[in-house]
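Welcome, and please open your viewer. We will take a short tour, one selection at a time.

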Amino acid sequence: MIIIPLGVSSATPTAVRHLPSLAVWRDGSVFLFDCGENAQMRLLQAGVKRSKVEAIFISHLDGDHIFGLFGLLSTLQLQRRDKELHIIGPKGLKKMIDSVFGVAEIELEFPVTYKELKSDFDHEVVLEGEEFYVEARPLKHTKFCIGYRFQEKDKPGKVDAEKAAEAGITDDAHFKALKNGEDVTLEDGTVVHSADIVGDPRPGESFVYVTDTEFCENAIRLAENATILFHEATFGEPLKEKAEDTGHSSAQDAAIVAKTAKVERLVIGHFSARYSNQFLLLKEARGVFEKTWLAYELRPIFTNPDQEKEIISPRVEIIDLKDKRAQKSKRTFKPDPKRKGGFKKRRFKRKPANARYYKTGDDSERQQKPRFSKPYKRRDDSQSRPSPHRPSKPLPITPRTPFDDFDRF
Ligand SMILES: [Zn+2]
């Protein structure tokens with residue numbers, strides 16, 4: 001799975017951060033968690049096709065988490081979508097969408113399946129596919145809010161090819177049966193047991209989406225042993241009171257949830273607009289749970305780190321902006337004691353005014369002398385050999401940043 005934060009701001013966007021939304025890419029399908037304004041443009045910018053969106057999960061009905069949904073649905077309509085779309089969220093979501101499109105006199109022509117949860121629900125599986133399911137639990141916010149866990153089902157174990165060959169398995173159908181946990185009887189009557197050939201089932205990966213909430217038990221329940229937990233960290237500990245008043249978490253709260261639930265990695269996001277330096281929040285979270293990353297917009301996070309291919313380098317230098325002394329000691333500039341003022345003196349050699357002329361005697365001769373020793377000849381393209389540096393095939397488009405390598409989507 002690949003997790004792509006599309007907007008990591010909280011209630012108000014900043015010049016560099018967009019409103020909450022996050023995409024999960026899995027095996028060609030896209031699952032959207034919250035849909036703030038700009039979500040559809042951010043999908044485009046991330047190289048994720050909007051037509052691939054299969055389900056949209058809404059945490060709660062605050063504008064910053066949902067106002068992008070109407071635009072996205074409208075685009076899907078214009079793209080003549082005919083595939084079913086699942087929309088999951090709190091009760092009232094369908095009414096909200098219906099009234100917007102009702103007033104605008106737009107009838108959505110593609111099938112939309114709604115799943116609405118009431119505020120007194122406890123735990124529910126809200127979507128189930130062949131290879132995954134999504135469960136939901138209520139969170140603790142100023143209004144009814146839902147947390148989600150996207151869980152891949154366990155995959156069958158790997159077939160040990162050597163052991164299978166030793167046991168005399170050659171038929172593909174036999175391989176398949178063994179993989180599915182069935183024992184196989186060969187022609188000579190020998191029974192090959194699946195458990196002897198096939199390894200233990202491999203646990204599926206999981207992604208947990210927890211925003212907006214105070215520190216709560218349900219967040220821990222959802223996140224238990226998850227591969228990736230995305231948890232909001234709207235404030236830092238110094239603003240703990242404000243966090244409690246507004247039903248939000250501090251970075252430390254997020255880290256405690258991650259630590260208690262024993263997740264593999266915590267990703268924090270939903271930063272208040274007041275933090276221009278979100279590394280302060282990262283530092284706070286890492287004080288409790290080391291394996292914490294910041295959510296960067298459009299920067300993909302792979303649930304299997306082996307697939308990252310060095311796209312992500314989490315080695316960030318954390319500098320506390322308030323600690324001026326620590327910042328000064330980080331400076332690498334060392335003045336050179338031998339040089340005046342510590343700087344290397346740059347010397348420019350000035351060319352004599354007549355440097356471009358040849359010294360040949362009188363002025364008339366100087367005018368006639370050609371500037372180039374050989375006369376300029378136009379290159380004949382038909383005779384030129386292909387240069388090894390210039391391949392005949394067009395070069396692939398160079399990614400603008402190391403994070404733009406989105407061919408896999
Ligand atoms: Zn929010």
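Start by selecting Arg80: this residue comes just after helix α3 and takes a positive phi of about 60°. Keep in mind as you look around that the model is predicted.

Now step back to the helix itself and select residues 68-78, which form α3. Which residues of α3 are buried? Colour Gly68, Leu69, Leu72, Leu73 and Leu76, and you have them. Next, turn the view until you look down the axis of α3: the buried residues fall within an arc of 130°, so they line one face of the helix. What covers them? Show the strands β2 (21-26), β3 (29-35) and β4 (53-57), which are among the covering elements.

For the next stop, select helix α10 (residues 251-261) together with helix α11 (residues 279-286). Their axes are 8 Å apart, and the two helices pack at an angle of about 40°. Because of that angle, α10 counts as oblique to α11. The crossing of this pair is right-handed. To see where they touch, show Ala251, Gln252, Ala254 and Ala255 on α10, then Leu281, Glu284 and Ala285 on α11.

Finally, colour the chain by pLDDT. The mean is 80, and 75% of the residues reach 70 or more. Select residues 310-318, where pLDDT stays under 50; the model has 11 contacts beyond four places in sequence for them. Residues 395-409 also have pLDDT below 50, and this stretch has 12 contacts in the model beyond near neighbours in sequence.

Definitions and conventions
Residues numbered from 1 in each chain as written. Predicted model: local features only at pLDDT ≥ 70, side-chain atom pairs only at ≥ 80, totals over all residues. Buried ≥ 20, exposed ≤ 12 C-beta atoms within 10 Å, placed from the backbone. Helix = DSSP H or I, 4+ residues; strand = E, 2+ residues; numbered from the N terminus. Arc of directions from axis to C-beta. Contact = placed C-beta atoms within 7 Å. pLDDT = per-residue confidence, 0-100. Axes fitted to C-alpha atoms, helices over the stretch in contact; angles between N-to-C directions. Parallel < 35°, antiparallel > 145°, perpendicular 65-115°, else oblique. Left-handed = near helix turned anticlockwise from the far one by under 90°.
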